[in-house]
Amino acid sequence: MNNSGVTMWEQRWHPLREEWVIVAAHRHDRPWHGERAAATATRAPAYVEDCYFCPGNRRVGGACNPHYRSVFVFDNDHPCVGPDAPQSLAAPPGIYRNSPATGIARVVCYTPLHNVTLAELEAGEITALLRAWREQYVELGDRPEVRHVLIFENKGEVVGVSNPHPHGQIYATNFVFKTIETEVIASRRYYADHGRVLFQDIIGSELADGRRVLAENASAIVFLPYFARYAYECYVAPRETHPSLATMSDGELADLSAALKWLLVRYDNLWRMSFPYVLTLHQAPTDGGDYGGFHFHIECHPPLRKPDLLKYLAGPEVGGGNFLSDTLPEVKAAELRGLPAVHYRAGVDG
Ligand SMILES: [Zn+2]
Ligand SMILES: [Zn+2]
């Protein structure tokens, strides 16, 4: 125990993944007091000639982007799953099996502006993005060969993204991604055992404790969960249970976008830098199953613990499959809550 009465060394159960997270924050969980990146004096230009995503530019595949003004969705020129994937595959020997990598991979440009981040878009623009995500989920999920639609954003060079033009991706696949499958099974079992929605009880537990709740509005909530595996891992979710964006009202979408913006502004303000993360929408599979107990949410996994320090995935995570966290969720939540509400680049000309 430290002087705030918080245990800094314990194991915490992750109810959605059904696994332990080792919290060992007694070792070196110190707030960052080192160098902070200075707010860039001048922005990159709003349009970049050789960017594949800027309006009017030619992409690698040869297609030309329209002069779009809002959200722009197109088929990925380098798809990892696609309609053209080889169909007739030789069966592998022994116990192994394979399957055609069919599916649809798309890119979603959030805005024509090259030099902003999702955090800097107006709440109304983020709502437009949520609407586009909803349309994509419904359209792609309706296809009989698509069992799941994974919508995500990789942001920052440390997660492998070299083009800063704000964009995300969609993988509509003929299988359900493992994490979603795990959450589906956990939610289903919980409902059978308790007659309640697991994610509702997570929200209830966060509200009852209060220390990790970051923001709330009429129909959405932001929190850094008790069982966070990454230092600044946060969830953004509607309060009501919706298996996906598809059943959410426009009012709920507006609240969700306000909640998401709340979080992303704090992320960028934390070290006054464009904060890298992997943001993923966890929505129910689209294979026709019953997912009434599945509660749609957005998960943000930032890879950094400090401005210059990555969370390395090593022995426990890669070798063992469970996470070791060096930070205490309650402390990280307090850090995020204490940050300014105005984006640090607001007013910087571009
Ligand atoms: Zn661009
Ligand atoms: Zn999830």
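Let me start with Asn-154, whose bridge partner in β10 is Val-278; strands here are DSSP runs of E with at least two residues, numbered from the N terminus, and two of them pair if DSSP finds at least two bridges between them. This is a predicted model, in which local features need pLDDT of at least 70 and side-chain atom pairs count only at pLDDT 80 or more, while totals for chains, interfaces and linings use all residues. Residues are numbered from 1 along each chain as its sequence is written, chains are lettered from A and ligands numbered from 1 in the order in which they are written, and side-chain values use heavy atoms, with hydrogens and water left out.

Strands β5 and β10 run antiparallel and are joined by 5 bridges. On β10 there is also an antiparallel pairing with β11 (residues 297-301), again through 5 bridges, and there Leu-279 stands opposite Cys-300. Of the 6 residues in β10 (residues 277-282), 5 are buried, meaning under 20% relative accessible area with a 1.4 Å probe, protein chains only.

Now to the metals, where donors are N, O and S atoms within 2.8 Å of the metal (3.2 Å for Na, K and Ca), and where sites may look incomplete because water is not among the atoms. His-297 counts as buried because its relative accessibility is 1%, and Glu-299 is buried at 3%.

The zinc ion (ligand 1) is coordinated by Cys-51, Cys-54, His-114 and His-165, at 2.0 to 2.3 Å; Cys-51 and His-165 are both buried.

Key:
Buried < 20%, exposed > 50% of the residue type's maximum accessible area, 1.4 Å probe, protein only. Helix = DSSP H or I, 4+ residues; strand = E, 2+ residues; numbered from the N terminus.
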